[in-house]
Amino acid sequence: MEKQELREWVRAQGAIAPEESRQVVEGVFGWMSQRLPGTVSAFLAMSGEVDLSPLFTDLPGWRWVLPRVEPNRTVTFRDRDVPREIHPFGMDQPVDLGPVIAVSEIDVFLTPGLAFDVGGGRLGNGGGFYDRILAARRTDALSVGITVERRVVDEVPMLDHDQRIDWLATENGVIRCLPSP
């Protein structure tokens, strides 16, 4: 399946149920609880994404930052407590206020996507925002794809610039991604 066909297939599946979202969050909570607190990039769920917001209060020892798409189409990160606005793409994001948190300060990237595979392949919406973010991260920073099991496919088509994730979180738990040799 080509990327656009896969995007259409995922979007046709509809929303993620609150119970599915809760189960994914429980797994991520368990996974993160086994690590030393640091700085984590989360996202504010759009339609069809897992709502990670319970983690903000369930894991108070972590510093939570959120992405902001700037007018020049770059992404910056701000503390989650900054007031929010609706971006023209339709997602909530922090307003242009407070310090920008450098990508190099982020230890864990909770990464949205339309579909994933167990080899770390990720299909986004097509803007390349997270590919650029993940390409710029520290080598020891971890990326965790956040989705539901029905959106894990055999293989996500990957181009040279596409970035793989390290871990995959679904309602069945969090697993280490092992790219094919």
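**Entry 1: charges over rings**

I began with Arg132, which lies over the face of Phe129, at 5.2 Å from the ring centre. A charge sits over a ring here if NZ of Lys or CZ of Arg is within 6 Å of the ring centre and within 35 degrees of the ring normal. I also looked up Arg35, which lies over the face of Trp31, at 3.8 Å from the ring centre.

A note to myself: this is a predicted model, where local features need pLDDT of at least 70 and side-chain atom pairs count only at pLDDT 80 or more, while totals for chains, interfaces and linings use all residues. Residues are numbered from 1 along each chain as its sequence is written, and side-chain values use heavy atoms, with hydrogens and water left out.

**Entry 2: aromatic pairs**

How many aromatic pairs does the structure hold? I found 4 aromatic pairs. One of them joins Phe56 and Trp64, which are tilted, with 5.2 Å centre to centre and 55° between the planes. Rings of Phe, Tyr and Trp (its six-membered ring) pair if their centres lie within 6.5 Å; planes under 30 degrees apart count as stacked, over 60 as edge-to-face and the rest as tilted.

Is Phe56 buried or exposed? Phe56 counts as buried because its relative accessibility is 7%. Trp64 is buried too, with a relative accessible area of 5%. Buried means under 20% relative accessible area, exposed over 50%, and partly exposed in between (1.4 Å probe, protein chains only).

**Entry 3: the sheet**

Next I traced 7 strands that form an open sheet in the order S3-S2-S1-S6-S9-S10-S11, with mixed pairing. Strand S3 (75-79) and strand S11 (173-176) stand at the edges, each with a single partner strand, so one side of each has no neighbour in the sheet. From one strand to the next, the twist averages 25°.

Helices (H or I, at least four residues) and strands (E, at least two) are DSSP runs, numbered from the N terminus. Two strands pair if DSSP finds at least two bridges between them.

I picked out strand S9 (residues 142-146) and strand S10 (residues 167-170), which pair in the parallel sense over 3 bridges. Gly145 stands opposite Leu168 in S10.

**Entry 4: Leu110**

Leu110 is found in strand S6 (residues 108-111), and it counts as buried at 0% relative accessibility. Leaving aside neighbours within four places in sequence, Leu110 is in contact (heavy atoms within 4.5 Å) with residues including Val28, Trp64 and Ile146. Leu110 and Val28 are 82 residues apart in sequence and 9.2 Å apart in space, C-alpha to C-alpha.

Technical notes: Axes fitted to C-alpha atoms, helices over the stretch in contact; angles between N-to-C directions.
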